[in-house]
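Here is a brief report on one protein chain. Keep the sequence and the 3D view open while reading.

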Amino acid sequence: MKYGIQYGKAEVRVYRTYGTPLVGVTAIPESPFTGRDNTLMAAEIEIQVRGQGFLESYTEGDNRQVVATDTMKNFIHATSADSPAATLEGWLDHVGRAFLAHYPHMERITMVGRELPYPAALVPAEDGDGFVASDVLFARDRNDASTARLDLELGADGSVRLTDHACGREGLQLIKITGSAFADFARDEHTTLPERKDRALFTWMDIGWSYTDGADALGADASRYVAGDQVADLAGAVFHEFVSLSIQHLVHEIGGRMLERWPQLAEVSFDAQNRTWDPGTTHPDDPRVKTYADPRPPIGRIGLVMRRD
């Protein structure tokens, strides 16, 4: 009998104050983002543990090697407090390496994280001249967020190796009210969808990427780090300026721009949904004025992976 063993702790929400600022991110034309002060860093973290050392807990009920998942939760909080990382990926790497150092029988672990964005709230300036970002008040942002996954393995010599990684920006919801089309597609006796030379295109999109050198994902050299904020801004900029003939056409354009802007990336990927609103009415005196309704299910789903050759 061969076994694949995995267990861990999920949905560990950690809110860390006064983290290391992220500075020195390389600027791109599509985004104003070049870093953040990290006064408040928040993420939902998961650890997945693998290793044959836990087999007897399954086969014999012998828990002597089992680290309770509640202990894992406490360990994540304790190591997060002393993490020097300025990025989500670096944070996961710090916690993961600490796990393998403290519990070497774990052998291999996967660290997964999803950013919980809390941008600074705008408050009146003390001098009464406009508004400024607060240094103590933050507002929960429930839109798109950065994600990361790191696979770490403990070597025979006690060193920890990063064996795989994936980064992403999930939950983008973008609506462009004009400047998109879907026409000239294949038609047969089952086709009822009308062609639209111009439409209000609403898409939900998750974007993924990986680096040629996984070490770049950790953010030690901020100039080679790709921030999820920049990826979201780039996707919006491309969508704004590009007249797409389909969602497939749009994600290919975004992917090409990403690989152009960041030569350190090896791959980009997309999981997009077509959530385009159903047409309602058009104002008789001004054709720009229209109403729409939410689309009826089911929905279209579009995927694309672009790898450097």
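## Overall build

Of the 309 residues in the protein chain, 42% count as buried. The model is predicted. The chain holds 5 helices and 12 strands. Its C-alpha atoms fill a box of roughly 75 × 65 × 35 Å along the principal axes.

The accessible surface comes to about 16,900 Å². Carbon and sulfur atoms account for 51% of that surface. Among contacts with a separation of 6 or more, 67% join residues 24 or more positions apart.

Which residues have the most contacts inside the largest nonpolar core? They are Met 205, Ile 207, Trp 209, Ile 254, Met 258 and Leu 265, in a core of 38 residues. Strand E7 (160-182), E8, H4, H5, E9 and E12 each supply at least two residues of this core. A second, separate core has 30 residues, including Val 12, Val 14, Ile 45 and Val 160. In soluble globular proteins, nonpolar side chains tend to be buried together.

Leaving aside neighbours within four places in sequence, Leu 265 is in contact with Trp 209, Ser 210, Tyr 211, Thr 212, Val 226, Met 258, Leu 259 and Arg 308.

## Helix H5

Helix H5 covers residues 247-261. At 1.5 Å a residue, its 15 residues should span 21 Å, and the end C-alpha atoms are 21 Å apart, so the two values agree. Ser 246 caps the N-terminal end. A side-chain oxygen of Ser 246 lies 3.4 Å from the backbone nitrogen of Gln 248.

The buried residues in H5 are Ile 247, Leu 250, Val 251, Ile 254, Gly 255, Arg 257, Met 258 and Leu 259. An α-helix has 3.6 residues a turn, so residues three or four places apart point the same way. What covers the buried residues of H5 includes strand E8 (196-211), helix H4 (228-241), strand E9 (265-274) and strand E12 (300-307).

## Helix H4

H4 is mostly covered, with 10 of its 14 residues buried. These are Gly 228, Asp 229, Gln 230, Val 231, Ala 232, Leu 234, Ala 235, Ala 237, Val 238 and Phe 239. They pack against strand E6 (145-154), E7, E8 and H5.

Not counting residues up to four places away in sequence, Asp 229 touches Ser 31, Phe 33, Arg 36, Ser 146 and Arg 169.

## Aromatic pairs

The whole structure contains 9 aromatic pairs. In one of them, the rings of Phe 75 and Phe 99 have their centres 4.4 Å apart and their planes at 40°, so the pair is tilted. The pair links distant parts of the chain. Phe 75 sits in helix H2 (residues 69-81) and Phe 99 in helix H3 (residues 88-102), 24 residues apart.

Phe 75 counts as buried at 13% relative accessibility. Phe 99 is buried with a relative accessible area of 0%. Phe 99 also pairs with Tyr 103: the ring centres are 6.1 Å apart and the planes at 35°, so this pair is tilted. Both Phe 99 and Tyr 103 are buried. Elsewhere, Phe 202, Trp 204, Trp 277 and Tyr 292 form one aromatic cluster.

## Two further sites

Ser 57 has its place in helix H1 (residues 55-59). A polar atom of the Ser 57 side chain lies 2.6 Å from the backbone oxygen of Phe 54. Not counting residues up to four places away in sequence, Ser 57 touches Asp 62, Asn 63 and Val 66.

Leu 193 lies in the loop between E7 and E8. Leu 193 is partly exposed, with a relative accessible area of 41%. Leaving aside neighbours within four places in sequence, Leu 193 is in contact with Phe 182, Phe 185 and Arg 187. From Leu 193 to Gln 6 there are 187 residues in sequence and 46 Å in space, C-alpha to C-alpha.

Terms used: Residues are numbered from 1 along each chain as its sequence is written. This is a predicted model: local features need pLDDT of at least 70, side-chain atom pairs count only at pLDDT 80 or more; totals for chains, interfaces and linings use all residues. Side-chain values use heavy atoms; hydrogens and water are left out. Helices (H or I, at least four residues) and strands (E, at least two) are DSSP runs, numbered from the N terminus. A polar contact is a pair of N or O atoms within 3.5 Å; within protein, one must be able to donate a hydrogen and the other to accept it, and residues adjacent in sequence count only if both atoms are side-chain atoms. Contact means heavy atoms within 4.5 Å. The expected span of a helix is 1.5 Å times one less than its number of residues. Buried means under 20% relative accessible area, exposed over 50%, partly exposed in between (1.4 Å probe, protein chains only). A nonpolar core is a set of buried Ala, Val, Leu, Ile, Met, Phe, Trp, Tyr and Cys residues joined through side-chain atoms within 4.5 Å. Accessible areas come from the Shrake-Rupley method with a 1.4 Å probe; for residues, only the protein chains shown count as cover. Rings of Phe, Tyr and Trp (its six-membered ring) pair if their centres lie within 6.5 Å; planes under 30 degrees apart count as stacked, over 60 as edge-to-face and the rest as tilted.
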